[in-house]
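Open the model in a viewer that can select by residue number. The stops below can be taken in order.

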Amino acid sequence: MNYLFLENVSKSYGEKVLFRNIDLQISKGQKVALVAKNGTGKTSLLRLIAGLESGEGEASVVRTRKDIRIGYLQQEPDLSDSDSVIEAIFDSQNPQIKAVREYEEAMLFPDQLKRMEQAVAIMEELKAWDVEARVKEILFKLNITDLDKKVGTLSGGQKKRLALAKLLIDEPEFLVLDEPTNHLDLDMIEWLEEYLAQPRLTLFLVTHDRYFLERICDTIVELDNGSLYKYQGNYSEFLEKKSLRHGTEAVELDKAKKLFKRELEWIRRMPKARTTKAKSRVDAFDVIEEKANTTVDKQEIQIDIKGARMGSKILEAHNLNKSYGDLVIVKDFHYKFKKKERVGIIGKNGVGKTTFLRMMTKQERPDGGKVVIGDTVQFGYYTQEGIQMKEDKRVLEVITDIAEFIPLEKGAKLTATQLLERFLFDRKHQQVYVSQLSGGERRRLFLLTVLMRNPNFLILDEPTNDLDILTLNVLEDFLLDFPGCVIIVTHDRYFMDKLVDHLFVFEGDGVIRDFNGNYREYQEETRQKELERRQQESSEKKKTVVQTATPVREASGETKKEIKRLERKIVQLEERKKEIHASFSSNDLDPASIEKLSVELGELQKELDENEERWMEIVESI
């Protein structure tokens, strides 16, 4: 069943052609990712599929199934600032979601008992409790708690998470996602990865998260030089097949050039009076000429900037402490950086990672302790808040305002124009105004302004947002060879795994743990510890049951089986009982949930008593 059908679709802005006569089909259940360089039309193609833009040309066909709903997650969410969070989340025509909205709003006014009763009645009538549970899970996983807060007061990251939650709650049949992992912490990304992997979901997404591409997608399409190439498989299979395509293109281009040379010689010798046969050959010559003059785009960012010399004393933190009211950011943190260190920082959103970086660069004072910065240290600080360039400046002017030249290795120099070319801003693109750049191009330009100041200590706060995979690959290679120190805060697990030697793990309450390894290794250790904890709990519960049991060596085979079955059932019921008691200790439960859990606890206790009574009867009868 086709959800999407594109045929002969083109799009351009002025003289710039984004794509030309592309075809694409997406069937129900497919998970398709779009890969392309920044500024080549990714977002335009997503908007076209979502119905917000139209294709060009009479032969252009864009068709989606009429009986499905398309949900589009934009990079910059289109939300009303005057709405409350709860109004934005439940802005849906789905009757069950409307019922959940009324129920959640009633929960904000517990003194209005009649309204609560009506809301509960509608929930019962529409059987919307499962929807309410799903809504709770999505809001909890994306850390959306202040439902009465106005959208206009939220940060950009909070708005992106709100838009994602709204989309997932509404459950459209076809999801079109533009960088869904931006502004999510690592736990959120792993949850979203698992959620989107469900077979029932149909996806078309743009993401720079290569683990996402590897683990979720079954098809990757690449937008390259205005054409669309389709590859079956995940990210690693895409890399292999793309490499084969480039090899084939090189061979075909070489053949075309040789043929063009022969045809050129022929057409120059041909007399003016041309036969019909000769005319057809001239027409074919035009096609050959176009193919022969095609260039295989192998542009790569070349970064060989020389880092400033670094002395023996680099950066030291001595017993740092920092709090905001009850929120403890750092508690008794002590560390001395060594040359060429590469540290990754991980922790939930809001735990204080950016505040920590600002303290390390003395942009913010600690409550206690001190930071010592070596005399030779020159920071290069890349931060999302730092991307503030004048809209009326041309790209070249942004760079020349900092310096006309930058130093390279072995005493060489590089002009601002040459540097921009190495960052994929050609001469024509250098004259473009900042206001005309895409989000990814702005970040690439800002990264260039950071690097060209010749730093020897790089601090990169979410550097991967909206950068294309080509830029990320070359940036990774540069950082691997960078002679100075690097601190990285990123939600891109692949980027972190490739670069860091160890992690600062923000565990909460000011505790910063120094983990010797990358994120994948940390994740494996965490999962292993959780598995051991659960096994230990299960073992202790089984041991409790066994210790209370009377030897059953003389019982019949059937009796022994029933005893074992009852013991397993008792353990399961006790585990669920413990979970419910733990839920009661939470402050997040609403009255309806408390009532629901209370009913379940009563039924569970009754079943537990029956099983224990039966177990005692059998044991005493042996």
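**Stop 1: residue 340.** Select K340, which sits in the loop between β11 (327-336) and β12 (342-346). The model is a predicted one, and the backbone at K340 has a positive phi of about 65° although the residue is not a glycine. Most residues other than glycine have a negative phi. Is K340 buried or exposed? With a relative accessible area of 51%, K340 is exposed, since the cut-off for that class is over 50%.

**Stop 2: residue 319.** Move to N319, in strand β10 (residues 315-324). N319 is not a glycine either, yet has a positive phi, of about 50°. The relative accessibility of N319 is 46%, so N319 counts as partly exposed.

**Stop 3: the whole chain.** Of its 622 residues, 47% count as buried. Among contacts with a separation of 6 or more, 68% are between residues 24 or more positions apart.

Stop 4: Select N94, in the loop between α2 (85-89) and α3. N94 is partly exposed, its relative accessible area being 26%.

**Stop 5: α3 against α4.** Two packed helices are described by the angle between their axes and the distance between the axes. Select α3 together with helix α4 (residues 113-126); the two axes come within 9 Å and cross at roughly 155°. That angle makes α3 roughly antiparallel to α4, because the class begins over 145 degrees. The crossing of α3 and α4 is left-handed. On the α3 side, the contact is made by P95, Q96, A99, V100, E102, Y103, E105, A106 and M107. The α4 side supplies R115, M116, A119, V120, I122, M123 and L126. By type, the residues of the contact of α3 with α4 are 12 nonpolar, one polar and three charged.

**Stop 6: α3 against α5.** The residues of the contact of α3 with α5 divide into six nonpolar, one polar and three charged.

**Stop 7: α5 against α6.** α5 passes α6 in a right-handed crossing. Here R134, V135, I138 and L139 in α5 meet A165, L168 and I169 in α6. The contact of α5 with α6 has six nonpolar residues, no polar ones and one charged.

Stop 8: In soluble globular proteins, nonpolar side chains tend to be buried together. The largest nonpolar core in this model has 56 residues, and those with the most contacts inside it are I89, L142 and L196. Helix α6 (residues 156-170) gives the largest share of this core, seven residues. Which residues are in contact with L196, leaving aside its neighbours within four places in sequence? They are K31, L168, L175, L177, L201, L203, F212 and I216. Next, select Y382, I399, L414 and F425, which are included in a second, separate core of 45 residues.

**Stop 9: helix α19.** Finish at L604, in helix α19 (residues 591-621). L604 is buried, with a relative accessible area of 6%. Leaving aside its neighbours within four places in sequence, L604 is in contact with L573, R576, K577 and I580. For a distance label, pick the C-alpha atoms of L604 and E574, which are 30 residues apart along the chain and separated by 8.9 Å.

Technical notes. Residues numbered from 1 in each chain as written. Predicted model: local features only at pLDDT ≥ 70, side-chain atom pairs only at ≥ 80, totals over all residues. Heavy atoms only, no water. Nonpolar A, V, L, I, M, F, W, Y, C, P; charged D, E, K, R; others polar. Core = buried A, V, L, I, M, F, W, Y, C linked by side-chain atoms within 4.5 Å. Buried < 20%, exposed > 50% of the residue type's maximum accessible area, 1.4 Å probe, protein only. Helix = DSSP H or I, 4+ residues; strand = E, 2+ residues; numbered from the N terminus. Contact = heavy atoms within 4.5 Å. Left-handed = near helix turned anticlockwise from the far one by under 90°. Axes fitted to C-alpha atoms, helices over the stretch in contact; angles between N-to-C directions. Parallel < 35°, antiparallel > 145°, perpendicular 65-115°, else oblique.
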